[in-house]
Amino acid sequence: MTPISPDGEARPAARPRVTAVPRAGLLAAAGPRLAAVLLGAACVAWTATPLLHSGLAQTALVVSIIAVTAGALRLAVADIPQPEDNFMLPAYLRAWLDILALLRTIAWEETAVVAILWLEVQHHLRGWHTALLGAGLVGYLIVTHIAESGADPGPVFRRQWKLLAVGACLLAVGAGFALVPAAAPGAGAALLRVLAAIAVVAAAVLVLPG
Amino acid sequence: MALADPAAGAPGDPADRADRGDHPNLGASSQVAAEEAVVSWRPSRHARRLLTLAAASLLLAVITRNPALAGVAGPPLLLLGAGRVNAGRYGARQQGAGRDSGGAISSSAPAPVGISIGLTATRMYEGEPAAVDVAVADDTDDLRWSFEPGRGIEPGSATAVNGRAARFTFAVPRWGKRGLGSVTLTLHDRWHLFEGRVQLTLPSVDCYPSPAVQRTEVVLSKLPNRLGEHRARVPGDGTEFMGVREFVPGDRQRAINWPATTRRGRLQVNTFAAERSQDVVLLVDATSDVGEPGASALDLALRGAAGAARAYLAARDRAGVITYQWGGTHWLAPSLGRRQLYRIIDVLLRSDTGFARGSTFSRLPRAALPPGALVVAFSPLLTGRFVEALRDMRERGFSLIVVDVLNTAPPPRPTFADNAARRIWQLEQQAIRFSLRELGVPVVAWDGRTPLDLPLAPYTRRPLVTRR
């Protein structure tokens, strides 16, 4: 059929348009999502070992597992569009749409981060362990954002690598403060070390970006 | 949003679709809208997560007196600080838009961005792929387009794409006027800590019913005295041989049949059949829509009517349409040409509304239903008023043929009462069809899958005799 309009008007001249296509293939889309899931699972596993059997620790572990899993599911179904309305839909479809809405509404990553940190503090003081957990959590959040925004990981990490390197140093400083033997026994000395670590972090944040 | 060009394109022929394959090259689009959209910047979800990590670790560090947790807050705070500083630089790059007095991106000062929307076709047949192109005139580092399809729109590609321009393909599986949905543009700053969102409502498209295949036509035995392509029963100036008669003064010499002249000893001339056209009125019953969506009685009626319109118009007949709905009718007087096909389909699309405020069927003007026209009705014959209207038309002398598009029945149930009711309903349907046949109205059943030529074959092989 000739491409003319029903009114008999000539079709306007077609103009070339640059079109963007999704990044190469399935792997490009699935890679960051899989990485986010693996990083989240690794953070949970890293924090949970050795297993504690106290009520608070177990609750934090369950919450963190649920949150990481739900976050992974949210990323997996991110491309499924939400219909304009669910009027007159069958019950199973409405239930599926409710699940999708639940996955997309709740801040699963924030919940997971808080639960993992809470699980970490249930353990005894372990400086380097916590520092590595911090690195893992930052990586988890960055990769999650890359997965959900579809951004190219290369430029994102290239822009941030200096700050991430300084951040790694701050993690090491925090771990070092935790390992410094206390000048005097008691809660006051521990608080002093915390405040010192916070001061170092604050100084770095204030100085470095400028 | 200002429409720049309402006539972006017409649908392609469904017969050509098979040649193009499943992923055809849809070609360039025509711009249908251009807009300066306002972007409101706000902290991104990523920034909120980093803030949560920093705040939670600092709080827990103080509560539990664990300095290592204070170190955990270091990287997210660094990223947030860098993002804040960078936001100022980015805001300064934007010319007077989206930044506050300090130069940082602020949600209180929205920034406009130029967005254009194009469509490869604003009219398409059922299931035919089309594409919407979106582009933004902005040098922002990271842009992401998300396509939220409207009701009845099936996306054919990824619904989220990064880049300054994007193309989303889609198909409309069922006829009707469909809103395409919306497109959301998300702009990220360099550190992905601030994001701006713009949501654009996409224009509507007209999805035409996929025309049924019909290559033959039902032709009346008595055709109006108008030049056409159908062989009439009267002699005329056509090309088809009709017989031989004796020469009379005035006959053309080139018509002399010399072998017959030699045999009979007197001049004999060939006579030819006249070629005439007919008026065809397609009558669509839109009062009942039973059956599965996509293959319901109304779907079949519209596809059949579109196919018949195409076939009769291709045969140089004048075709018109009447849609019969509750409360009134829409009609289009018979006419010729390709544009008439689109006009007919546009009238058919109005059947989507269900309740029409149009003319009363019994008071249709002569132009809508010319005397001597062939009326092809597409109906499931479930509405008593429509059946009465058919009887009335037949009694007024119109030549009718009914294409029965009812392809569903009440499901069998275990109880005796249900089965009895089902049986009574079937008998009633048979009685309706029998009564129409008794009046001289042929009723043919069509399942929507086979070409229309098959059920109409008994009436396309020879002219349909016009009885009054």
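Strand 2 (residues 30–43) of chain B runs antiparallel to strand 12 (residues 194–201) of chain B, and 4 bridges join them. One of the pairings places B:Ser40 with B:Arg197 of strand 12 as its bridge partner. The model is predicted, and this applies to everything described here.

Strand 12 of chain B also pairs with strand 11 (residues 181–188) of chain B, in the antiparallel sense and over 7 bridges. Along this pairing, B:Val183 is opposite B:Leu200 of strand 12, and B:Leu185 has B:Val198 of strand 12 as its bridge partner. Strands 11 and 12 of chain B form a hairpin with 5 residues between the strands, where B:His192 has a positive phi near 60°.

Strand 11 of chain B has a further antiparallel pairing, over 8 bridges, with strand 6 (residues 142–149) of chain B. There, B:Asp142 stands opposite B:His188 of strand 11. As for burial, strand 11 of chain B is mostly covered, with 6 of its 8 residues buried.

## A sheet of three strands

Chain B also has an open sheet of 3 strands in the order 4-13-10, and its pairing is mixed. Strand 4 (123–125) and strand 10 of chain B are the edge strands, each pairing on one side only. From one strand to the next, the twist averages 30°.

Within this sheet, strand 10 of chain B runs antiparallel to strand 13 of chain B, and the two are joined by 4 bridges. B:Gly176 of this pairing is opposite B:Cys207 in strand 13.

## Domains of chain B

Which domains does the assignment give for chain B? Domain 1 consists of 2–24 + 119–186 + 199–208, domain 2 of 227–276, and domain 3 of 279–460. Between domain 1 and domain 3 of chain B, 7 residues of the former are in contact with 7 residues of the latter.

On the side of domain 1 of chain B that touches domain 3, strand 10 (176–179) and strand 13 (204–208) each supply at least two residues. The residues on that side of domain 1 of chain B are 3 nonpolar, 1 polar and 3 charged.

## Strand 16 of chain B

Strand 16 (residues 279–285) of chain B is largely enclosed by the rest of the structure, because 7 of its 7 residues are buried. The burial extends to both faces of strand 16 of chain B: B:Asp279, B:Val281, B:Leu283 and B:Asp285 lie on one side, and B:Val280, B:Leu282 and B:Val284 on the other.

The pairing of strand 16 of chain B with strand 17 (residues 318–325) of chain B is parallel and covers 7 bridges. In this pairing, B:Leu283 has B:Ile322 of strand 17 as its bridge partner.

## Loop residues with positive phi

B:Arg316 is not a glycine, yet its phi is positive, near 65°. B:Arg316 sits in the loop between helix 6 (297–314) and strand 17 of chain B. Is B:Arg316 buried or partly exposed? B:Arg316 has 16 other C-beta atoms within 10 Å, so it counts as partly exposed.

B:Leu381 is another residue other than glycine with a positive phi, in this case near 55°. The loop that holds B:Leu381 lies between strand 19 (374–379) and helix 8 (384–395) of chain B. B:Leu381 counts as buried because it has 21 C-beta neighbours inside 10 Å, and the cut-off for buried is 20 or more.

## Chain A

Chain A has 7 helices and 0 strands, and its pattern along the sequence is α-α-α-α-α-α-α. Of its 210 residues, 33% count as buried. Among contacts in chain A between residues at least 6 apart in sequence, 79% are between residues at least 24 apart.

The peptide bond from A:Thr49 to A:Pro50 is cis, with omega near -5°. A:Pro50 is in the loop between helix 1 (25–48) and helix 2 (55–76) of chain A.

The average pLDDT of chain A is 76, and 72% of the residues score at least 70. Over residues 1–24 of chain A, pLDDT stays under 50; the model has 49 contacts beyond four places in sequence for these residues.

Conventions
Residues numbered from 1 in each chain as written. Chains lettered and ligands numbered in written order. Predicted model: local features only at pLDDT ≥ 70, side-chain atom pairs only at ≥ 80, totals over all residues. Pairing = 2+ DSSP bridges. Domains from an automatic or database assignment. Contact = placed C-beta atoms within 7 Å. Nonpolar A, V, L, I, M, F, W, Y, C, P; charged D, E, K, R; others polar. Buried ≥ 20, exposed ≤ 12 C-beta atoms within 10 Å, placed from the backbone. pLDDT = per-residue confidence, 0-100. Axes fitted to C-alpha atoms, helices over the stretch in contact; angles between N-to-C directions.
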